[in-house]
Amino acid sequence: MNQEYEYYHPEQNPPQGGSSPSENPKQPKKGKTSVVGKVAGLAVLFGVIGGLTFQGVNYISGRIWGTGGSQDTAQVQTVQPSGKADGELQGSEISQIAANSMPFVVSIQNMSVQQVQDFFGGTREQTQTSVGSGIIVGQNRSELMIVTNNHVVEGCRTLTVTFNDETSVDATVKGTDSTKDLAVVAVPIRQISKDTRNSIKVAVLGDSDQLKVGEEVIAIGNALGYGQSVTNGIVSAKDREIEMEGFDSKLIQTNAAINPGNSGGALLNNQGEVIGINTVKVNNSAVEGMGYAIPISDVTDVITNLMNKETRTQVPKSQRGYIGIEGTDVDAQSAEQFGMPEGVYVSRVMEKGGAAKAGITKGCIITGIEGSGISNMEGLQEQLSYYRIGETVKLTVQFPAGQGEYNEKEVEVTLTEQLS
């Protein structure tokens, strides 16, 4: 039996009895965004009829260079061959690990514009501010790279990163992968003061494959937008699968308290290494201590790919390029029912569009763009908003091969103006 669930950003309203995070501009409130998903069997498991809720929980060590660094590409810093991370802590005191980890954990503020219904039944734009967390994972010659969740940055108009010394700088989305709920944002190193560079560092990534059930873990993130907080617990289970639209990763389950605002935050082992990126939790009065994190070893290659994408800014609507299709979402339920890949089903190809010229036909399913997975039309349009008319993008396309089979191909599409 499948049970529907809701995966969302925390409410804008602060918890009762506390001051509003918006009273401090460095600790903004987190707005609400919905993405419907499903988790199999939980209604039976917990004996409940109503839906549970999955909450988005917004959150990889080395010195930060000044401008003029020595490399053009960025690599995550993993545990050394000896199995010891640089500066590894002796023992597992939480206070020590927290002190060592705060320099690579950041807060992220996302200002977005949402379409809302007005009193008269029309729609209008409303600005929303939401917050999450991130982990400093690398740098190249000119940029500092921070990994977070895709749902932390989606729909952003502006992004602001706040470091552990409470200084804030503007940031840009460098790349996203909605199928992994991952994003990398970039901050120009020239915008970071020398004092801040001396107070922050790049995280070391551990080996999540070596985790054992019962092992102690620590979660750090910007809970409720109030600033960085630390919780601890154990690994409750590994390789958990939860059915949320467009998400295909197996997760680490933990009973460490993971709260709204922790999304994109770090899950650490008892040596202070990042072994997971906090992403969702079960939120229901009948359930306690069920949070989930993306295993870091499963996504290191994805993060590296996102870090090395070209940094782009969104293009004005009048200058944006289009691939020349009409499409509809193939969600998890449809994919299972009809034996199709999840992605964007091409229902119409514009005669003079780039897709037609590239050989894309009706019935194809688009599952990626520029090496990053996409699971729906909204995600594809979000990615295309960074490309101009006349530019070329590489799409991952599933072509029908008969008998319910599909052949995957990489197709280059030259973008055109919007066609009717």
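How many aromatic pairs does the count come to? In this predicted model, the count comes to 0 aromatic pairs. An aromatic ring does, however, take part in a contact with a charge: the charged end of Lys-409 sits over the ring of Phe-399, at 5.0 Å from the ring centre.

**Helix α8**

Helix α8 spans residues 377-384, and its buried residues are Met-377, Gly-379, Leu-380, Gln-383 and Leu-384. Viewed down the axis of α8, these buried residues fall within an arc of 165 degrees, so they line one face of the helix. An α-helix has 3.6 residues a turn, so residues three or four places apart point the same way. The cover over the buried residues of α8 includes the strands β9 (168-177), β18 (325-330), β19 (343-349), β20 (365-369) and β22 (392-402).

**Strands β14 and β17**

Strand β17 comprises residues 291-295; 5 of its 5 residues are buried, so the strand is largely enclosed by the rest of the structure. Strand β14 (residues 251-254) is joined to β17 by 3 bridges, and the two run antiparallel. Within this pairing, Ile-252 stands opposite Ala-293 of β17.

**Cysteines**

A disulfide is a covalent bond between the sulfur atoms of two cysteines. A search of the whole structure finds 0 disulfides. Two cysteines are listed below with their accessibility.

| Cysteine | Relative accessible area | Class |
|---|---|---|
| Cys-156 | 8% | buried |
| Cys-364 | 0% | buried |

Cys-156 counts as buried because its relative accessible area of 8% is under 20%. Cys-364, at 0%, is likewise buried.

How values were computed:
Residues numbered from 1 in each chain as written. Predicted model: local features only at pLDDT ≥ 70, side-chain atom pairs only at ≥ 80, totals over all residues. Heavy atoms only, no water. Buried < 20%, exposed > 50% of the residue type's maximum accessible area, 1.4 Å probe, protein only. Helix = DSSP H or I, 4+ residues; strand = E, 2+ residues; numbered from the N terminus. Arc of directions from axis to C-beta. Contact = heavy atoms within 4.5 Å. Phe/Tyr/Trp six-rings, centres within 6.5 Å; stacked < 30°, edge-to-face > 60°. Lys NZ or Arg CZ within 6 Å of the ring centre and 35° of its normal. Pairing = 2+ DSSP bridges. Disulfide = S-S within 2.5 Å.
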